[in-house]
Amino acid sequence: MDCKASHEINPTGPNQPIEKGETLDDKLGNWKGVNDFVYKASRQAVSSYNFYSIVYDPMTTCGCCECVAAILPSCNGIMTVNREYNEMTPCGMKFTTLAGTIGGGAVTPGFVGHSKYNICQRKFVAGDGGLLRVVWMPKMLKEELKERFEKRAEELGVPDLLDRIADETVGTTEEEILPFLTEKKHPALEMDPIM
Amino acid sequence: MGLTGIQIFKLLPKTNCGECGVPTCLAFAMALASGSAELDACPYVSDEAKEQLAESSAPPVRPLTVGTGDYAVKVGGETVMFRHEKTFVNEPGLAVLVTTEMDDAAVNDKLAKLDKFQYDRVGLNLRAEMVAIKDASGDADSFVALVNKVKDASQAALILMSDNADALAAGVKACADRKPLIYAATEDTADTLGALAKETGCPLAIKSSDGYDGLVALSDKLTGMGLKDLVLDTGARTAKQAFEDHTVIRRAAVKKVFRPLGFPTITFPCEMADNLMDETMLAAMFIAKYAGFIVMSDLEAYSLFPLLLERLNIYTDPQRPMTAEQGIYPIGNPNENSPVLVTCNFSLTYFIVSGEIEGSRVPSWLCVQDTEGLSVLTAWAAGKFTGETVGTFISKSGIADKVSHKNIIIPGYAAAISGELEEELGDWKILVGPREAAHIPKYLKTWKPE
């Protein structure tokens, strides 16, 4: 709705309608029409963009996203951190560093900026395994999203997923959280390698 | 650009040992990908990985340093064509030329100007930082004498210029401890000067009379001899050609990662114009367009200051807000009855607020809180300028020992924090100052401690 209105107010502004066109990859969310648009709009710098992946050709943001997700290779999963959380995270970078990494048009495989609600949507990093990949979130984000999160987790057949996800009380390094994930039998550990 | 962070990460040990200075291998890989870290920082990387990464991890324009100590000039390390793509990294060095043809007085005059025209702006010292010493006659003795004179008179980084390889070698040996730039090896002198650069560890400029091909051949030859720090001069002495050359060289380095041209350049406005105005204009162009070292025939306040400001502006990282250091800034000899103001550390805010306080002629204490470079309202909205942060800062700052009253003035736009701050600071009285810095003088003039 917002985008439609913005486009009507300013037809040459930042919000533009894009025809998805031919589906090139339904798992990662890759469309020809989108790629063509991105290629042109990025002045030939970016040729492919996947809607549902953090690892392969992920989205860029302006840097003002609510959360940034990053892969945690040794946990075979991803973490996400919200803007309000100022401390160190298991990927070794704070939110501000992460936002600098993914923002401003930079396409950075392994990292993606997103909104809070996006986490509980069905398409959240669906190409890499979706919500079940999430192994770490700050406690405050867990609490904020609790209701929506649990609903979505139930859909996935893992109703207690939120409790199996580590937070800063468990640890802020991959080494610290891995034993917790193993003990809780986090589903990400059983999934295909993330990279 | 080369590999992505993830591709680099796959080649790293994945031990998260932290010995490289960042906590995880992933974070280190990201730093490598952006060219802000060197692979050598990782003590455990395998030789195989090193080889694969060498290409992508080294910045496309090699960083190198001329000079030592305070006046060391670091150039190169650039990763983009345009500043708005990311940032330019290392400011080009500005040099003033002295030659063996000049009399003592003229040389002294240039050196005095180098010393005199220094400007303190936004907490930085702006100045030209190099002297180019030119041997005009090919006479080793007079060249060495001039080198010694300049070396003793100034700490500036040195560029030694001579067409005579023997004179150049004598000059370099006289000041090798100052790490001068040797200018310049040509096809004829590459062997001698290459050996000299290797022996002394000084960077070496190369100049070819045979266009890009000649330059590439020279660069390959000297790299083959084991030299790493080279500086390029295509020999162009017209504005158009020199501009074109600089663009071609930067493009080859950044876009194609073409190593033979992946070095900083040196350019000579002093040989391209016959008056200082034109020369300055050319220098301005080269600051914006890719020069590593810029040699000027003379320095005057009116020519140098604009160049210094231009250089500062263009080479300031647009991704990071400028900041002032957290602390208490006394303005105009304040005493124990002077007003105490608090603001954030966004440098524009700091300079405007401190400027207005100075303009009010009311001696004051300005407390600057670290808000990570955000301005007052932005910092307040981001939770970095709240009753709690300001309270903690003020209690720890030691300002209470400097004044006998307990009044603190907060920015008008941050009036919302006054209640919370009152709770934090207990016995302090919180006064809400004006919203706009322009109204500070009026406010301070009527201010009385309670």
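Buried area is the accessible area, taken with a 1.4 Å probe, that two parts lose on being put together, summed over both. This is a predicted model, in which local features need pLDDT of at least 70 and side-chain atom pairs count only at pLDDT 80 or more, while totals for chains, interfaces and linings use all residues. Residues are numbered from 1 along each chain as its sequence is written, and chains are lettered from A in the order in which they are written.

**First stop: the interface.** Show chain A and chain B together, where about 1100 Å² is buried between them, with carbon and sulfur atoms giving 75% of that area. Now select Ile6(B), Leu26(B) and Met30(B), the residues of chain B that lose the most area to chain A, together 43% of what the chain B side buries. If you look for salt bridges across this interface (a side-chain nitrogen of Lys or Arg within 4 Å of a carboxyl oxygen of Asp or Glu), the rule finds zero.

**Second stop: a cavity.** On a 1 Å grid over the protein atoms alone, a cavity is a set of points where a 1.4 Å probe fits but cannot get out, and lining residues have an atom within 4 Å of a point. The volume of this largest cavity, about 120 Å³, is the space filled by probe spheres set on the points, which are joined across faces, edges and corners.

How values were computed:
Heavy atoms only, no water. 1 Å grid on protein atoms, 1.4 Å probe; cavity = no way out; pocket = protein on both sides within 12 Å on 5 of 7 lines; lining within 4 Å.
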